[in-house]
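Visitor: I would like to learn how to read a few features of a model like this one. Could you take me through them in turn?

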Amino acid sequence: MNIQKTATVSLSFKRLKKAALLGLAITGLGLTTSAQAQDPEVPGNIKWTIPFGVGGGTDVWARFFSPWLSESLPGEPTIMIDNVPGGGSINGANLFAVRAKSDGSHWLGTSASTQYPAMLEDPRVRYDYSDWTPILATPTGGVVYAQPDLGETAETALDALLAQPVKLAAQNPTGVELPVLIALDMLGADVQAVFGMRSRGEGRLAFERGEADIDFQTTSAYLSNVTPLVEAGKAVPLFSLGALNDEGEIVRDPAFPDLPTFNEVYQARHGEAPTGNEYQAFRKFFASGYALQKLIMVPKDTPQALIETYRQAARDFVGTDAFKEDAAAQLGPYTPVIGETVQRHLEDAMSIDDATRDWLADWLQSEHGAKI
Amino acid sequence: MLDILLSSLGQLFTLSHLLFMMLGVLVGLVVGIIPGLGGIAGMSLLLPFLYGMEPTVALGMLMGLVAVIPTGDTFASVLLGIPGSSASQATVIDGFSLAKRGQAARALSSAFLSSMIGGIIGAVVLTGFILIARPLVLSFSSSELFMLTLLGLSMVAVLSGRDLFKGLAACGLGLLVGAIGMAPATGEFRMNFGLDYLYDGLPLVVVGLGIFALPEIVDLLVKRGAIAEEPCNLGEGWRNGIRDVREQRGLVARCAAIGSLIGTIPGLAGSVVDWLTYGHAVQSAKDKSEFGKGDIRGVIAPESANNACACGAMVPTLLFGVPGSGTAAVFLGGLLLLGLQPGVGMIETHLDLTYTIIWSLALANILGAALCLVLARPVASLTRVPFATLAPLITVLIMFAAFQATRSAGDLLALGAVGVLGVLFKQANWSRPAFLIGFVLAPGAEGYFYQAVQFQGMDAFMRPGVLIIGALILAAMFIPMMTGAWRKRRQASTVGAAATVRPEPPTLGSIDVVLFVALLGTAIVAWIEMADLSLIGGIMPRLAIAILGVSCLMEIARCLVRRPQWQHQVIGLQGLWLVGFFALVGAILLFGFITAATLFSLVFLLAIARLKPWVAVSMSLGVTAFLVGMAEFLTLTYPSGLIDPWLFG
């Protein structure tokens, strides 16, 4: 549907309650923290551009975060969510690049589908990630799974997968499935991607109907919709994409500690760790699309002290038990990444050298008939 | 099982649930009545309050909203000829014709009553069906979905009647316009002519408003007078409408059943169901002559289906997390905010919530339709107001609606462009529904065809489901033809050979000629534009061009073979009003939407409607207040231009 529009989040409702509690707490302590006084002025209203429609994944993510952020920022600013959908998030990000003020009152929420076109140098992209500074990132993971008729166990299913062509339902050649397609190709599977799904959910439906031989879901969808299939013997999990640790290495996904990562599977099959341009491409698209899937960004020229205030506010609440409890349903068992670490990983992910990009362009053209 | 049913029922009638549901119903009615807003706007209004709310109460509120939107948007469809949302496009055809014949109250009351019944039937069907829906939904693979879009497309043949080739050409053009944007199979961009606006394709709202609403406004302005051309008796009409539904109860039940079942199929839902049921109403009627000119069955059929469809659309949303419609997509966001993950869990662990959702739908349908029924009589009197008084308000309203599609100036220009096509089609009597059906179904037809072939190869078309739907399509196309021929023969044999009716000759007029030239030109330009597309990415638009071109040529050939009856077709005054429309778009982009809309209303009301100055001024201020209020309340933006930022911040 193309009817698209805007929404505001007015937090006055919940804020009142929380403000009363906070007031009590402060009175109870009988002292104020002097550090607050030196903070740069946090704007009273923050406009948070979400380049996706209302009710979409990134919108829900932003609506989940906004009360937490608002409550832990000094002065409890009102955070207004401004949905600017279109062009698969390119339109909204373009607009933000042109219009955003760097006084801390303009934030942008991005997702894999904002990061990927920038990395692939899509001609429609008129934004540049180096103009922005990240505040917080939330990771996700993903699992590749197969029909049980390929094999009852992960090992036998993988063997069968490598021996015959398999079908996977995907959105488009440069969509969120890109690292998965690269990974499967590196393992040596002959994947026939059927494009045109409007969401990962439609891809899963195609799998459940038996049309697709393998499928891939991100963590939250996997836990709610694929785990029951696995338990019923209708799906066999093969490997996870893994998670990025602070040092930038791919390790086991905390959501799937028993499942090997792609790197482990590759090592086991090929006897060596994955390398080369294809692995570079996999790693970078995995990092920007999964390890840093959704980001809160502000313009680079925003006062450094203010950026620090925002990051500190995020650090303050992500550690609390209340947040962890709430976040389990929304974000899965992942902790948001904040500040310098995000910046380092993001810079690394977004910089693709020419050799990798050339390899990717060739590969997309020859494997999936797509031009970039 | 029974205890779950009872506990959800108890939950339904708690005071907080009822109150919040009522709130949802009221918001739903308001956003439903204002064209262009619809479910997504309503949802986004409520979503901010959702986080942290008690799930059952929050769900009641959301369901109140979802349930009444296909009810509320009937006002705009019937009274103003504006398709409020994709669910009410078919209603426009006969509903607005009835309003023009002074029977707005009849059309509205029967629409609301059938909406209510449809919604209740939908909820009842859903109560049992949701438990067994999973395997059934999964049995619809991409090839069956493709066949269903074909079934929708076959309605073109039913709707275009005598002018089959013109209808096919209109449908071909719709398919071509629907193919603008990204090719689902390859991700290539097609026919965007370097314009950023076209990368996502044309928005449905803009096309719907342009093809239906704008031509009607222009036509009414040319004719002068009020919307109702014949005197209307609101009270009697209201009672008639209720009686119509009683007489057509079979149709209501069938369409509601079709609606609720089609609604459960993910990815199709709203777009085909109203056309399918409209087509069904036409086919099952003995006397088809009044369809398109104001047949009450043309209102009852889609209206009983669309509320049922909204119920059915909950199945894929709740069970698979794959929304069946735009509104359902936002509802899904609401579920996630409440911490509910759609999936099997909705049946296994949250069955009580699922039933609360379903029955809230039924209850909200009753409440919403009852409210609308009460409103129908007074609101229908709008059709007696001289149209010149309404015209500026409606024009501002449809521009407001169109601009909310993507919030770019392109929306207004596209509205004008489609409007020109709509006026030409209307004046030359080409099928506008055929164009819209083509447009709406183009992405589905292409996407599912490609997927079916890729997933299943040639086996795709041997599946039993495919064969059944295929047989339905053939039946839909040929049974009316055969019964028609049979009836004709019987007539001929009873009256005698002398009375053998000769088929009527084709008609031709100046606009037809213009359209033939323009459409063939479009076909050639589009063909050239698609030169570098890959085979898979280009096959669908090329097919659309072929349908467009061949049908135009066939119609031309028909005119050459059999001397056509020359028809006088006028366009002069209509053209003038269209020029005025584009001037208004220019003024909006230059000065800003609020300023231009206010001034336009004022000047129009004074100079053309010749209202008293104080009435004109207060109405124009009303326009300003509406636009400013909407912007505040929903944080909408408008084209800002030079003056608006300065006046309205």
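Predicted model: local features only at pLDDT ≥ 70, side-chain atom pairs only at ≥ 80, totals over all residues.

Visitor: Now the sheets. In what order do the six strands of the open sheet in chain A lie?

Guide: The order is β2-β1-β3-β12-β4-β13 in chain A, and the pairing is mixed. At the edges stand β2 and β13 (337-338) of chain A; each has a single partner strand, so one side of each lacks a neighbour in the sheet. Helix α14 (residues 340-350) of chain A packs on this sheet, where it touches β4 and β13 of chain A. The direction of α14 makes about 105° with that of β4(A).

Visitor: How many bridges join β1 of chain A to β2(A)?

Guide: Six bridges join β1 (residues 45-50) to β2(A), and the two strands run parallel. One pair to look up is A:Asn45 with its bridge partner A:Thr78 in β2(A).

Visitor: How should I read the two faces of a strand?

Guide: In a regular strand the side chains alternate between the two faces of the sheet. Take β5 (residues 142-146) of chain A: five of its five residues are buried, so the strand is largely enclosed by the rest of the structure. On one side are A:Gly142, A:Val144 and A:Ala146, on the other A:Val143 and A:Tyr145, and both faces are covered.

Visitor: Which strands pair with β5(A)?

Guide: β5(A) pairs in the antiparallel sense with β8 (residues 214-218) of chain A over five bridges. In that pairing A:Val144 stands opposite A:Phe216. β5(A) also pairs with β9 (residues 236-240) of chain A, again antiparallel, over four bridges. There A:Val143 stands opposite A:Ser240.

Visitor: What about the core?

Guide: In soluble globular proteins, nonpolar side chains tend to be buried together. Here the largest nonpolar core has 330 residues, and B:Ala104, B:Leu209, B:Leu361 and B:Ala402 have the most contacts inside it. Helix α7 (residues 104-139) of chain B gives the most to this core, with 17 residues.

Visitor: Last, how is chain B divided into domains?

Guide: Chain B has domain 1 (2-491 + 504-567) and domain 2 (573-648). Their C-alpha centres lie 29 Å apart. At the contact, 24 residues of domain 1 of chain B meet 24 residues of domain 2 of chain B. On the domain 1 side, α19(B) gives the largest share, nine residues. By class, that side has 18 nonpolar, five polar and one charged residues.

Technical notes: Residues numbered from 1 in each chain as written. Chains lettered and ligands numbered in written order. Core = buried A, V, L, I, M, F, W, Y, C linked by C-beta atoms within 7 Å. Buried ≥ 20, exposed ≤ 12 C-beta atoms within 10 Å, placed from the backbone. Pairing = 2+ DSSP bridges. Contact = placed C-beta atoms within 7 Å. Axes fitted to C-alpha atoms, helices over the stretch in contact; angles between N-to-C directions. Domains from an automatic or database assignment. Nonpolar A, V, L, I, M, F, W, Y, C, P; charged D, E, K, R; others polar.
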